[in-house]
2 protein chains.
Amino acid sequence: MIVIHADMQIKPEKREAFLQTVQPLVAGSQAEEGCLRYTLTQDVANLNRFTMIEVWADQDAVDRHNASSHFTGFFKVSTDFFALPLKAEKFTAADV
Amino acid sequence: MIVIHADMQIKPEKREAFLQTVQPLVAGSQAEEGCLRYTLTQDVANLNRFTMIEVWADQDAVDRHNASSHFTGFFKVSTDFFALPLKAEKFTAADV
């Protein structure tokens, strides 16, 4: 499996636009083959900091995801939302 | 490394008590040797659903964490906060 934690620091004034724009990305990703988890969370201590918690069956699923229209479409319009560049930690993972 | 996603569905009327009680657990865990990440997040789609995103150096660090007073102390008093039993997914993980 592949686990990704994608941290996104959003400009406060772009928070609502981000939350609207990200919805098709979340729904589209959750419907993908090989998507085991795709949850948008916000940090309790900083409500403009979001983390996408992602679990994928394998790298092929991640590759399909990265090529999907909901993924590329989101990043075409979202650049201006970010206060800092998106930062992702990515792991190869196996169930314990 | 060990990655844990601990999902907690909290009773709406216990939300504030949970947020107060969990603070020493978060601070204590972040200060532990071998703790690489310990972030309390809330689901954007369900504000009573929380996920602790945890990354630990190794199983020894997880064992020390599970035996720590901030961990055992939290679970002594928090049982009544949970609308559903805590559900954790746990992975052995390596950086990609």
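The entries below follow the order in which I looked things up.

**Entry 1: ground rules.** I note that this is a predicted model, in which local features need pLDDT of at least 70 and side-chain atom pairs count only at pLDDT 80 or more, while totals for chains, interfaces and linings use all residues. Residues are numbered from 1 along each chain as its sequence is written, chains are lettered from A and ligands numbered from 1 in the order in which they are written, and side-chain values use heavy atoms, with hydrogens and water left out.

**Entry 2: the two copies.** I asked what rotation superposes chain A on chain B. A rotation of 180° with 0.0 Å of shift along its axis does so, at an RMSD of 0.0 Å (least squares on the C-alpha atoms of residues with pLDDT of at least 70 in both copies). This is therefore the relation of a two-fold axis. In chain A, the C-alpha nearest that axis belongs to A:Ala93, at 2.1 Å. I also noted that the same surface serves both copies, since 100% of the contact residues of chain A recur in chain B.

**Entry 3: the interface.** I found 26 residues of chain A in contact with 26 residues of chain B, contact meaning heavy atoms within 4.5 Å. The area buried between the chains is about 2,100 Å², of which carbon and sulfur atoms give 60%; buried area is the accessible area (1.4 Å probe) that two parts lose on being put together, summed over both.

**Entry 4: the barrel.** I traced eight strands that close into a barrel with antiparallel pairing, in the order S1(A)-S3(A)-S2(A)-S2(B)-S3(B)-S1(B)-S4(B)-S4(A). Helices (H or I, at least four residues) and strands (E, at least two) are DSSP runs, numbered from the N terminus, and two strands pair if DSSP finds at least two bridges between them. The twist averages 30° from one strand to the next. Where chain A meets chain B through S4 (residues 87-95) of each, the pairing is antiparallel over five bridges, with A:Ala94 opposite B:Thr92 and A:Phe91 opposite B:Asp95. Within chain B, strand S1 (residues 2-9) pairs with S4(B) in the antiparallel sense over six bridges, and B:Asp7 stands opposite B:Lys87 there.

**Entry 5: a helix on the strands.** In chain A, helix H2 (residues 23-30) lies across strands S2 (35-43) and S3 (46-56), running at about 155° to S2(A). Axes are lines fitted to C-alpha atoms, for helices over the stretch in contact, and angles run from 0 to 180 degrees between N-to-C directions.

**Entry 6: charged pairs.** How many salt bridges does a search of the whole structure find over all chains? The search finds 14, a salt bridge being a side-chain nitrogen of Lys or Arg within 4 Å of a carboxyl oxygen of Asp or Glu. Between chain A and chain B the count is four, and I noted that the side chains of B:Arg37 and A:Asp7 meet in a salt bridge (2.9 Å, N to O).
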